[in-house]
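Work through the following exercises with the sequence and the model side by side, and try each task before reading its solution.

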Amino acid sequence: MSNETPLLSIRDLAIEFRNQHGVARAVDNVNFDLWQGETLAIVGESGSGKSTTAHAIINLLPGTGRIAAGSIKFDGKELVGASSAELESIRGREIGFVPQDPMSNLNPVWSVGFQVEEAIKANNPGMAKQAVRAEAIAVLQKAGLADAAARMKQYPHQFSGGMRQRVLIGIGLSANPKLLIADEPTSALDVTVQRTILDHLSQLTKASKTSVILITHDLGLAAERAEKLVVMYRGKVVEAGPSLEILQNPKHPYTQKLVAARQVTPRVPHTSTEVAVKVSNLEKVYSIKGSGFKSTPFTAVSGVSFEIKRGTTLALVGESGSGKSTVAKMVLGLEKPTSGEIEVDGKQLAGMKPAALFDLRRHMQPVFQDPYGSLDPLQNIANTIAEPLVTHKVGTRKERQERVRELLEQVSLPWAISTRYPSELSGGQRQRVAIARALALKPDIVVLDEAVSALDVLVQAQILDLLAQLQDELKLTYLFITHDLAVVKAIADEVAVMNKGQIVEFGSTAEIFANPKQQYTRNLLDAIPGAKLL
Amino acid sequence: MANRNEHFVADLAASEVAEIDAVRISEKPTNLYLDAWRDLRKRPMFYIAGVLILAVTVMALFPGLFTQTLPNDNCLLANSNAGPTDGHPLGFTRQGCDIYSRIVHGSSTSLSVGLIVTAMTMAMGVFFGALAGFYGRWVDALLSRAGDIFFAIPYILAAVVIMSVFSDYRNVWVISAAIGIFAWPSTARVLRGEILRVKQADYVMASTAIGVSRFKILMRHVLPNSIAPVIAVTTISLAAAIVAEATLSFLGVGLPTSTMSWGNDISQAQVDLRTAPQVLIWPSLALSITALAFIMMGEAIRDALDPKARAQR
């Protein structure tokens with residue numbers, strides 16, 4: 001392969017999907033080149049066509065999708081219109097693929113070893129059984145599994161998410177392909193795991209001079225990992241070129257917005273002496289059902305103590321399984337603590353009578369993570385927002401309607417959506433509705449459990465702005481739970497870092513970012529993608 | 001990109017950046033049931049099934065609109081197993097009664113058994129399924145095991161036993177109860193599974209945090225979101241109930257011969273199958289078409305209520 005011609009060359013690519021209303025063009029006029037040994041990142045928000053473009057290369061378009069126009073030239077061969085036999089010989093052997101979700105992309109009924117061997121056999125027909133096995137072990141070793149030979153017999157559920165993604169990367173690279181397509185390979189994983197996986201991936205591909213197409217929604221991650229960026233927006237490439245140049249000198253307004261969203265202006269700290277929420281020595285032990293009648297205790301949260309001052313934000317940061325959401329549920333009175341005390345507005349939560357707890361709920365409301373799950377799909381928006389008012393018998397019908405109108409205005413949504421159902425709204429808009437519902441009873445305290453984690457960067461920035469603005473207007477106290485340290489800077493006054501059910505570090509946001517004392521906190525901070533680039 | 005390191009920027013006029021997260025709403029509100037209704041109205045199967053069901057219903061309610069001949073009057077043995085004549089388009093039974101009139105008047109029996117059984121299974125299935133799925137723990141354990149016991153007994157067999165025991169009280173209500181009492185566990189099971197899924201949703205937790213009572217959450221949020229598959233299953237099982245009534249009547253443990261029923265007519269026609277097949281064929285056809293109509297309707301509803309199936313068409 002000469003250095004004069006690119007390994008992959010996409011020209012005027014257009015992809016269409018057929019639906020009830022006719023044909024929709026999901027991707028239009030996409031052009032880019034990829035040379036051997038290069039890593040190229042396709043960046044874009046959900047629905048921008050980034051995954052669709054990548055899937056088109058190996059002809060894995062879902063459902064009714066088809067390539068409507070353009071050409072995809074790989075290693076001198078035209079892939080558009082190639083026969084399925086030709087594509088099969090390229091897929092896996094010359095172009096490897098690492099899928100997005102490590103949890104669902106390994107078949108749970110076959111051992112991991114079997115699945116790796118299957119991939120090797122598919123790409124090397126006629127290989128001896130012993131050789132296949134040896135090769136599979138080598139692949140798993142290369143993927144970073146220490147005791148590869150022993151783990152061959154294990155099943156996917158015995159592997160952690162990171163381990164599974166390593167296996168999938170191993171399968172993707174097993175045939176030494178010239179090109180590896182990685183579709184959001186780490187978006188389901190914790191940041192620290194993400195970092196080791198991506199380090200590992202780049203190490204492997206650098207060694208074998210494999211070209212990589214990395215698909216991601218995270219501009220920082222893309223710039224950090226790839227030499228070249230392709231920024232996609234609504235099915236079109238809006239900007240492409242060397243990563244650092246784009247990051248430092250974005251020319252298209254959309255890219256400029258993306259870059260701006262990454263440069264968070266640190267928040268002016270809010271302070272107060274009045275305590276709104278006080279948690280001391282909180283502990284939660286679940287009993288995990290074992291075989292038969294046995295059950296083993298599992299400590300999800302232990303020895304957690306903190307205070308949130310009125311009108312300020314405390315961010316509870318930690319990776320999945322650190323116990324942060326369990327703390328949130330206990331503060332909300334949705335789970336009973338095993339021991340320890342929670343005081344809200346000076347009132348003890350433990351031993352509270354149902355009527356008192358009901359009253360307390362007026363002062364404390366949650367916003368949950370999943371914008372697609374937190375609104376009842378069969379209730380229209382006005383009814384959803386009015387539910388707290390109806391439940392607490394606030395006002396007359398007319399007054400309630402007026403309040404809903406006011407709340408919609410506060411979260412910048414038009415009144416016209418009040419008779420509509422959640423299915424018509426985007427993730428960000430649903431989250432606004434959830435915020436409006438939380439604010440309906442004029443609470444003092446709002447518990448935000450990963451409330452912006454599922455949103456696209458620009459929408460996320462918008463919601464964070466809204467939350468900050470509402471906090472100032474309504475003097476709200478926030479308990480902000482997140483795994484994403486990048487958003488903490490924009491919203492939190494104080495940060496508590498949780499690991500394995502305990503708070504390992506506590507301090508003001510500025511302190512934590514400038515001078516982390518614990519290794520765990522340092523790891524978290526270092527793992528923020530692209531942190532060092534900006 | 002002719003150059004390897006070219007910095008490409010799209011034409012700004014052709015790729016304008018829209019307002020972030022702008023609200024775009026359609027002309028009409030949409031949710032699962034509204035979408036399903038709109039989808040149904042585009043399906044030929046829905047109309048065919050609908051017209052058939054409507055026809056049977058009108059026939060059952062107002063038999064006088066279809067025939068002036070009464071089913072058991074003017075039965076002349078001279079007409080026994082005779083072919084069609086003027087005013088008697090389908091011929092005569094062994095007893096010399098008008099087949100067409102008997103079919104028209106028999107429709108109300110089939111339909112009422114179907115509706116009563118369905119109402120019963122729906123009421124019992126939804127009640128027990130919702131309790132088991134939503135409250136879980138010992139309620140679930142108790143109700144699910146009770147359901148399993150009913151499941152273990154084939155409902156036709158159970159109905160035969162019940163009808164034999166209550167042989168002196170054979171009427172539409174008793175036969176419906178005999179079928180329904182063993183049919184509800186499947187409805188309960190479908191609903192229980194759905195409720196187990198729906199009750200995990202964040203909106204249930206959000207309502208709990210608002211302070212909505214458990215029962216209200218079940219009625220307002222959980223049930224409406226889990227009832228869709230039950231509706232589809234129930235429509236199809238209505239057909240099964242109609243067939244079950246005919247089966248029991250055919251076996252001689254159904255309704256008394258004095259009651260007009262397609263099952264009874266089929267039963268009585270078997271002796272003359274070779275000589276006068278029309279006596280058997282017409283009521284069988286009426287039964288099949290009615291059952292088919294409800295099955296088609298159930299399938300249309302099931303597809304319409306499944307957003308995934310809708311998207312794939």
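This is a predicted model: local features need pLDDT of at least 70, side-chain atom pairs count only at pLDDT 80 or more; totals for chains, interfaces and linings use all residues.

**Exercise 1. Carry out the analysis of Exercise 1 for A:Ser412.**

Solution. A:Ser412 is a non-glycine residue with a positive phi, near 55°. Its place is the loop between α14 (397–410) and α15 (427–439) of chain A. The count of other C-beta atoms within 10 Å is 14, so A:Ser412 is partly exposed.

**Exercise 2. Locate the domains of chain A and characterise the side of domain 2 that touches domain 3.**

Solution. The domain assignment, whose bounds come from an automatic or database source, gives domain 1 (8–104 + 178–186 + 212–262), domain 2 (264–363 + 445–534) and domain 3 (377–442). Between domain 2 and domain 3 of chain A, the C-alpha centres are 25 Å apart. Their contact takes ten residues from domain 2 and eight residues from domain 3, two residues being in contact if their C-beta atoms, placed from the backbone, lie within 7 Å. On the domain 2 side, helix α16 (residues 457–474) of chain A gives the most, with five residues. That side divides into eight nonpolar, one polar and one charged residue, where Ala, Val, Leu, Ile, Met, Phe, Trp, Tyr, Cys and Pro count as nonpolar, Asp, Glu, Lys and Arg as charged, and the others, Gly among them, as polar.

**Exercise 3. Explain why strand β19 of chain A counts as largely enclosed, and trace its pairing.**

Solution. Strand β19 (residues 494–499) of chain A has six of its six residues buried, so it is largely enclosed by the rest of the structure. Both faces take part: A:Glu494, A:Ala496 and A:Met498 point one way, A:Val495, A:Val497 and A:Asn499 the other way, and all are buried.

For the pairing, which requires that DSSP find at least two bridges between two strands, strand β13 (residues 313–317) of chain A runs parallel to β19(A) over four bridges, and A:Ala315 has A:Val495 as its bridge partner. Strand β20 (residues 502–508) of chain A pairs with β19(A) in the antiparallel sense over six bridges, with A:Met498 bridged to A:Ile503. The hairpin of β19(A) and β20(A) has two residues between the strands, and A:Lys500 takes a positive phi near 50° there.

**Exercise 4. Describe the side of chain B that touches chain A, and the strand pairing between the chains.**

Solution. Count the residues: 33 residues of chain B are in contact with 52 residues of chain A. On the chain B side, β1 (8–9), α8 (202–210) and α9 (214–226) each supply at least two residues, and α8(B) gives the most, with eight residues. By class, this side has 18 nonpolar, eleven polar and four charged residues.

Then turn to the strands: strand β10 (residues 236–242) of chain A and β1(B) run antiparallel, joined by two bridges, and A:Glu239 stands opposite B:Val9. A:Glu239 is also one of the residues that A:Val231 touches, when residues up to four places away in sequence are not counted.

**Exercise 5. Compare chain B with a compact globule of 313 residues.**

Solution. The radius of gyration, taken over C-alpha atoms, would be near 20 Å by the globule rule of 2.2 Å times the number of residues to the power 0.38, but chain B has 27 Å. The C-alpha atoms of chain B fill a box of roughly 100 × 55 × 35 Å along the principal axes. Chain B has 13 helices and one strand, and 42% of its 313 residues are buried.

Notes:
Residues are numbered from 1 along each chain as its sequence is written. Chains are lettered from A and ligands numbered from 1 in the order in which they are written. A residue is buried if 20 or more other C-beta atoms lie within 10 Å of its own, exposed if 12 or fewer, and partly exposed in between; C-beta atoms are placed from the backbone.
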